[in-house]
Amino acid sequence: MRYKVLTVDDSKTVRIIVKKAFKPFDCEIFEAANGVEGLAVASKETPDLILLDVTMPVMDGVEMLTKLKSDPALKSIPVVMLTAEGGRDNVLKIAKIGVRDYLVKPFKEDVLIEKCSRVIDLKPMNEGPAKAKSILDPADILIVEDKPAIISQIQDGLKHTPWKVKGVATQAEAIDQITKTTPDLILISLSLPEESAFTLFRLIRTNVKTKYTPVFALVVKTETQQQQQAQTVGFTAIITKPIDTQELETKVAKAMNLDTSQRYYAIEGEMMVMRLPEHCSPAVIAEAAAYLKPKFAEAVDAGFNKVVIDVHQIKSLHMGIIKLLFQAMQTCRDLAMQFALVGNPQIISECKGFEDTRGWTFYDSLEDAKTNLGRSAGSPALASV
Amino acid sequence: MPATAEITEALIRENINRAVTDVFKTMLGRTPTFCSQGEYVKGKMLVTSEPNRPQVVGTVGFIGECNGLIYLHLDLAFAKVCTCHLLGMTDKELEMAGDEVINDAIGELTNMTVGSFKNALCDAGYPCKLTIPSILRGTNFSIEPISSAVRHIYYFDCAEHRVIADILMKSDE
C-alpha cells in the first residue's frame, strides 16, 4: 500500500526536506503552504499522515488542526506537528487538541522518519536502482561476530560473489555501520556477550530502514536452545557453525529474493546451457529445479530450441541429480527442444550402473555437444540418450 | 510574571548560543563557535566578511510577554552553501533555482534559530509567539533600531564563515 503524506508548511525549504526524507520510502507526498490549502488537500486526498507547522500565514497550524479535528471525515487522520514552536505551554495546548507526535525544529531527517514510522508502516522502495535483483548484482552484507576467523571464513566463502561482505565485532560497531550504509542482509552471531545479539536484532527491527532487512543468526550446531530462541524472536534464518558457505550463499540469495537462475541457466550462442555445479546439495537441486520449466520456456519463447545439459563438474551422482536430469529431459520433450548431455568419466561410469540411466549418452566437452547440436536439423528428436 | 528587565544579557547570550549551535549542527552538520559579543555603533554596518560583499539577512520576530526581533546575517556565499546542504542541491541546480530558494532556506534557518531562542524564553516564563520570516538582501547597509530597543550582537565562526545574530528586544518602558 502506498501511503499518502501531507506536509503543511509555509516554508518551501521544509517541504523539500520532508520530501527528501521520505524519498527512500514507498509513499506519495502532498504539499500545502498554509492551513486553508492543507484542509483542501486533506479533504481531497485523505492522507494517511499530516505533518503540520504552526506559524503560517492565512491560516496557522493550530486553527487547521482544530478544524481538522472537528470534521468527522478528517478527524481520524493522524497529525505530527513539525514546528519551531516548542515552548512547553504551547506544546501542551496543541497536544490537547489531538496530535500523534510533536517534533520541534531543527530536526534530523532520520528522527522525522523514525517518528512517522511509528504512525504509518513505512516500507523502503523496492525499485531502488542500488537494490540487488539478481545473483550478479552487488549487495552489502554485514557480519556481526566477535570471532575474526568466522568473518574471514564467510568472506572467503563468498568472495566469488559480487557481494561486499563487511565484518564488525560489537553491537555498537554494527549500529554505527548500519547508520552509515543500510545493509541488504545482516548475520549476527548469537555468541556475542550479554545477549547483545538479541538486543541488536530488536534494534534492527525497530529501525525503519532495516525493519525488513533479512537477519540471519550464526550459532553453533549443538546450541539448540539458542536456535529455538532465534526462531521465536523472528530471525530470518539460522546458519549453524561450522559454516557451510555454499548453503549460506543459497540462503542469502533466497532471503534477498535474488534471481539465481544465472547460476544454472545461460544462453550461449544459439542454445541454452543448463549447468550444474560441483556440489549439488538438496538446496542447489531444489533451486535449479524451481527455475527449470520457466527458463526452458523462456528460451523457446526467445527462439532457442536447443539445450546442452552440462554435468561435467559433478563429482558423483545421487538420486536428486538423476531426478533433476529426468525432469530436464522431459521438459525438453514437452517443449520440442533438442538436447545433449555433457559429463565426465566418473559420471558416465556411474550412469552405466543404473537401469534407468544406462542408455544416456554423454559428450566429453561442451564444445563437442554444441557443435553436434548446431549441426543437427531443426527436428525435435533427442540428440543423445 | 517576571519583568523583561530580568532577562539578563547572560541569559540572552546562552540562549542564542544554544539556538545557533543546535540549528547549524542539526540542519547543516556544522558546529559554529561563539566568537565574540559585538557592540552597536550607530550607523555602523554589521558585515559577515569583507565590506562590499552581498549579505543575506533572515529576520524573525517574537511577540508576547516579551517582544523582539532577531536578524541572522550571513554572507551570500555561505547562504548558498547552507541552501545547497539543506536541500541536497548542487551549485548548478541552485543557480538555476534562483534567489527565491536561498531566501526561503535562510528564512527557515532563521525561523528555527529564533524558534529555539524564544522557546527558552517561553520556558523561562515569557510566553511569546513567532512571526513569519522575512529576508533582507543587499551590500553595505545598516539596520537601525528604535531608541527603546535593547540591542545585543553576537558573532559566530562557522566553517570559515562569519554568522552574526543581531538581537533587538523591546524594553519594559
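How many bridges join strand β13 of chain A to strand β14 of chain A, and do the two run parallel or antiparallel?

Modeller: Happy to, and please keep in mind that this is a predicted model. Strand β13 of chain A, residues 306-310, is joined to strand β14 of chain A, residues 338-342, by five bridges, and the two run parallel. One residue pair to look for is Val308(A), whose bridge partner in β14(A) is Ala340(A). In general, strands of a sheet pair through backbone hydrogen bonds, in either a parallel or an antiparallel way.

Now for the sheet around this pair. The order is β11-β12-β13-β14-β15 in chain A, an open sheet of five strands with mixed pairing. At its edges stand β11 (265-268) and β15 (362-363) of chain A; each has a single partner strand, so one side of each is left without a neighbour in the sheet.

For context, here is the contact between the chains. In chain A, 21 residues are in contact with 20 residues of chain B. On the side of chain A that touches chain B, the elements giving two or more residues are α1 (12-22) and α4 (88-98) of chain A. The most comes from α1(A), with six residues. By class, this side of chain A has seven nonpolar, six polar and eight charged residues.

Helix α4 of chain A also holds Gly98(A). Gly98(A) counts as partly exposed because it has 13 C-beta neighbours inside 10 Å. Thr66(A) is 32 residues from Gly98(A) in sequence, with 8.6 Å from C-alpha to C-alpha in space.

Conventions:
Residues are numbered from 1 along each chain as its sequence is written. Chains are lettered from A and ligands numbered from 1 in the order in which they are written. This is a predicted model: local features need pLDDT of at least 70, side-chain atom pairs count only at pLDDT 80 or more; totals for chains, interfaces and linings use all residues. Two residues are in contact if their C-beta atoms, placed from the backbone, lie within 7 Å. Helices (H or I, at least four residues) and strands (E, at least two) are DSSP runs, numbered from the N terminus. Ala, Val, Leu, Ile, Met, Phe, Trp, Tyr, Cys and Pro count as nonpolar, Asp, Glu, Lys and Arg as charged, and the others, Gly among them, as polar. A residue is buried if 20 or more other C-beta atoms lie within 10 Å of its own, exposed if 12 or fewer, and partly exposed in between; C-beta atoms are placed from the backbone. Two strands pair if DSSP finds at least two bridges between them.
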